[in-house]
Each structure stands twice: as structure tokens, then as C-alpha cells.
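Welcome! Please take a moment to turn the model around on your screen, and then let us walk through it together.

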Amino acid sequence: MPTLATPRTPLVKVIFASLVGTAVEWYDFFLYGSAAALVFGSLFFPSSDPATATLLAFGTYALGFVARPLGGIVFGHFGDRVGRKKMLVVSLLMMGLATIAIGLLPTYATIGVAAPILLLVCRLAQGFAVGGEWGGAVLMAAEHGDDKRRGLWTSWPQAGVALGNLLATGVLWVLAAVQSDEAFNAWGWRIPFLLSAVLVLVGLWVRLSVEESPLFQSARERLTERHQPLLEVVRRYPREVLVAMGMRLAENISYYLFTVISITFLTTYAGEKSDRDMILSALLIGSVVQFVVIPVIGAFSDRVGRRPLYLVGAVGVAVWSFFFFDLVGSRSEGLITLAVVVGLILHALMYAPQAAFFSELFGTSVRYTGASVGYQLASIFAGALAPIIAVRLLGSTDNPNTTAVAIYMTIASVLTVISVLVTRETARSSLSHDRVTPSSADAPSNAPATK
């Protein structure tokens, strides 16, 4: 057994730091998606018709996802070489600065074409930062915790994502309730972005007080300067990366279907701009429910395994997508809330065990890189394209084709089900393993695992 450094930080504090930091990062990231659906089209692309302007706004939104794998590679590389904690602090700072900059941006009416260009630069910085956030946050929880309750511990950073969306939606909902549409479009939309400064300071204060992962400290002592995490992932874990990408498809697409696309569908296709309050209220309730159920499902995955819950969630979101748009299109507050809440619970069946699942697929010396690359590469084909594909499939605002979007969701779910079925159950497996020998990063791929 390798000698593990004894963590001096209580596990509860580590979990809290992961939760708070992740919530801040995803507040910033989700805020952009909501703003793209509500106001960015008219503010930064005013020469287009409403549907095209929204599509262009989602185009800049999607490019943030393109930057995420690069962020995952860079942050993963240094996270596997110099430490998880340092990278988490850097990613939080980068995300906060990019989000505050968006809140200060002049619009198209002020500086013309430079406005959407600057918006794009800020979005790319957001994507790069969040690409390095997820892997480090879940690994701090996973590598400080024990094998028997890893699903519970790592579900808290996942709940931080729901909390981030809850904060973003909540701020927008409050502003929509107290401001006129004219005031919100003129300057009110900037407030949530500028509030990020306060949240970032809180996140930094918490994260700087946490010790480094004991598993990483032990692994670092056994590796040489030739250690190249990305090359080792490509050589020794290609199957695990592909499996992680496949598992992400239904989870990632369904989330943006039930959140971002629902805003666009109700306010542009099935209703009016005045319905904005209704969908934001439903998303607010859905985010609260999801925040509560994610740790419960994470703990349940420690008892029944990751795979069964993931399979139920993948099949569930496919089936629910055929009912979802009719419920949202009813313009009934109760039915819209039902549509969003059920959708996010089904999503949580995949998302809650996902952090533990992905952590258990990779060895300690490359775990940050491997989990981040698998998670973030899939986001290009899933979350980045989901709003664009959905808007294109919906077609005309007079007669939206919701069945086509449901079929799109079903195809993604089938690919996710196949990915889950071809991988092993990982619940309760030890994280003290590697496929790299202590003396060299170039050991043969059949090298025995370090126990």
C-alpha cells in the first residue's frame, strides 16, 4: 500500500468548498445561456429577425462549449502535475473575470460589430475556465472521501451545478418580477453578471482554506518529470474516454433541453415574451428540486450501483421529451412546472452518479485529465449543439416541429444506454490504482495496477 498523506481538512469542509466553488462557476456559465435566450439576440444581433437573432446568440453560447475541452486538457495536465487545488483557484478567478466583463460590455447599438466579438471572447474564456472546473471539484471530493460513500460525496459538486442554475435563474426571475421589459433590456440584464464578483470572492475564500487531495500527493511522489497526463490518457484509457463521452450525450442534451430550450420555446415559439416569468418560475422550482434530489440519488448509487440509475435516467429523458413540449406549450403554470421538474429529476438520475462513475474509470496520476477530457469533449457534441439543433429542428415559429426534437433526444439516449452497457460497474472500487509505474510514465500498458 502506498503511504497516503493524511488530510488535515475535514471532509465536510472539502465537500462544502467543492459545492460553493462549483455553484459560483456554473452560475456564471448558465447565466449566459439564460441571457442568450432572453436578451442577447436583440442586444448584440439586432439586424436579424427574432428567431435568427436567438440562433446567433446561441452560436456564441455554443462556442463556450468548444473551449471547454481545451480547458479540460490544460487544467487537467497541471492538475495531475502540480495539484487539484491550485487549478480550482485559477479556474474560479478566470470565470469570474470573464463574467464581470460581460456585464460591462457595450451593446451593438453602442460599438457595432465589436460588441458580439467581445461577447464571443468573454464566452470563450468562460468555456475554458469551466472546462477545468468540473474535474478538479469532483476529484477533491472523491479523493478525500471513502470508497463506500463516494457516490454521496461526489454528488455534492454535481448539486453545485444545480445550485448555480438556481442562483442564475433566481436572480433573473427577481429582476423580471420587479422591472419592466424595457428596463431589463436596457440595463437590468447586467446586474446578474456583475453580482458574480461577490460570489467569486466567497468561492475563493472557501477554496483557499482546503488542503490538497491526499491521493494526489501520494501519486505525485511516485511520478517522474516525464509524466505527461494527456499522452497517458490517450495511450492507456482511450476506451474509458469514449465511454464517458457516450454517457454524457443524453445527460448533457436533456439538461439544456429542459432548461435553456424551454425558455426559447415558450417565449418565441409557443407563447409570448410576457411568458418569461412563468418559465423562469418553473425553472426556479425545478432547480430547487434537483438540488435536493442529487445527493439522495448519489447516496442511492452507493447501494445499488451507478449503472442501473444511469440507465433509468437515459431511457426516462427520451420518453419524457415526447411529452415535454406539449406541457410547456400549454402555457399553464402548473403543467410547465411539472414538465421541468420531472425532466430535471430524470436528468439527476444520470448526473448524480456521474462524478463518481467517471472518477472511478481513471488512475490517480491521470484522473483529472481523463475525467475532464471525457466530460468536456462530449459537451461539444451535446450541450454546445443542443440549443442550435433544437431551434433548427423546431423550424418555423408558426408551426414548431417538437417531435423532431424528441427524436433527437431519443437518439442521444440510445447512444448513452449503449455506453453504459459496455462498461463495468464501478461502485465501491478503490481509487488507489494506476496504470503507470512509479519509475516512468512510459511503462507498458499491461503494467500491474498499484494497489
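**A walk through the helices**

Let us begin with helix α3 (residues 84-104): its 21 residues should span 30 Å at 1.5 Å a residue, and since its end C-alpha atoms are 31 Å apart, the two values agree. The expected span of a helix is 1.5 Å times one less than its number of residues. Helices here (H or I, at least four residues) and strands (E, at least two) are DSSP runs, numbered from the N terminus. The buried residues of α3 include Arg-84, Met-87, Leu-88, Ser-91, Leu-92 and Met-95. Buried means under 20% relative accessible area, exposed means over 50%, and partly exposed is in between (1.4 Å probe, protein chains only). As a reminder for reading such lists, an α-helix has 3.6 residues a turn, so residues three or four places apart point the same way.

Before going further, a word on what you are looking at. This is a predicted model, in which local features need pLDDT of at least 70 and side-chain atom pairs count only at pLDDT 80 or more, while totals for chains, interfaces and linings use all residues. Residues are numbered from 1 along each chain as its sequence is written, and side-chain values use heavy atoms, with hydrogens and water left out. The pLDDT score is the predictor's confidence in each residue, from 0 to 100. Its mean over the chain is 82, and 90% of the residues reach 70 or more. A contact means heavy atoms within 4.5 Å. Where pLDDT is low, the predicted coordinates should not be read in detail.

Now step back to the whole chain. How many helices and strands does the chain have? There are 19 helices and 0 strands. Taken along the principal axes, the C-alpha atoms fill a box of roughly 65 × 45 × 35 Å. A compact globule of 451 residues would have a radius of gyration near 22 Å, and the chain agrees with its 21 Å; the radius is taken over C-alpha atoms, and the globule rule is 2.2 Å times the number of residues to the power 0.38. Buried residues make up 61% of the 451. Among contacts between residues at least 6 apart in sequence, 87% join residues at least 24 apart.

Another helix to find is α5 (residues 114-144), whose 31 residues reach 46 Å from first C-alpha to last, close to the 45 Å expected at 1.5 Å a residue. Because 24 of those 31 residues are buried, α5 is largely enclosed by the rest of the structure.

Helix α14 deserves a visit too. Gln-290 has its place there and is buried, with a relative accessible area of 2%. Beyond residues up to four places away in sequence, Gln-290 touches Ala-162, Tyr-255, Leu-344, His-347 and Ala-348. Ser-301 is also found in α14, and its relative accessible area of 0% makes it buried. Leaving aside neighbours within four places, Ser-301 is in contact with Gly-151, Arg-306, Leu-309, Pro-353 and Ala-427.

Next, look for the aromatic rings. Rings of Phe, Tyr and Trp (its six-membered ring) pair if their centres lie within 6.5 Å; planes under 30 degrees apart count as stacked, over 60 as edge-to-face and the rest as tilted. By this rule the count comes to 14 aromatic pairs. Phe-44 and Trp-189 are edge-to-face, because their ring planes stand at 80°, with centres 6.2 Å apart. This pair links distant parts of the chain, 145 residues apart: Phe-44 is in helix α1 (residues 11-44) and Trp-189 in the loop between α7 (181-188) and α8 (190-194). Both Phe-44 and Trp-189 are buried. Trp-156 and Phe-291 are edge-to-face as well, with centres 6.4 Å apart and planes at 70°. Trp-156 lies in helix α6 (residues 150-178) and Phe-291 in helix α14 (residues 276-304), so this pair ties together parts 135 residues apart in sequence. Trp-156 is partly exposed at 27% relative accessibility, and Phe-291 is partly exposed at 22%. Elsewhere, ring pairs link Phe-258, Phe-265, Phe-324 and Phe-325 into a cluster.
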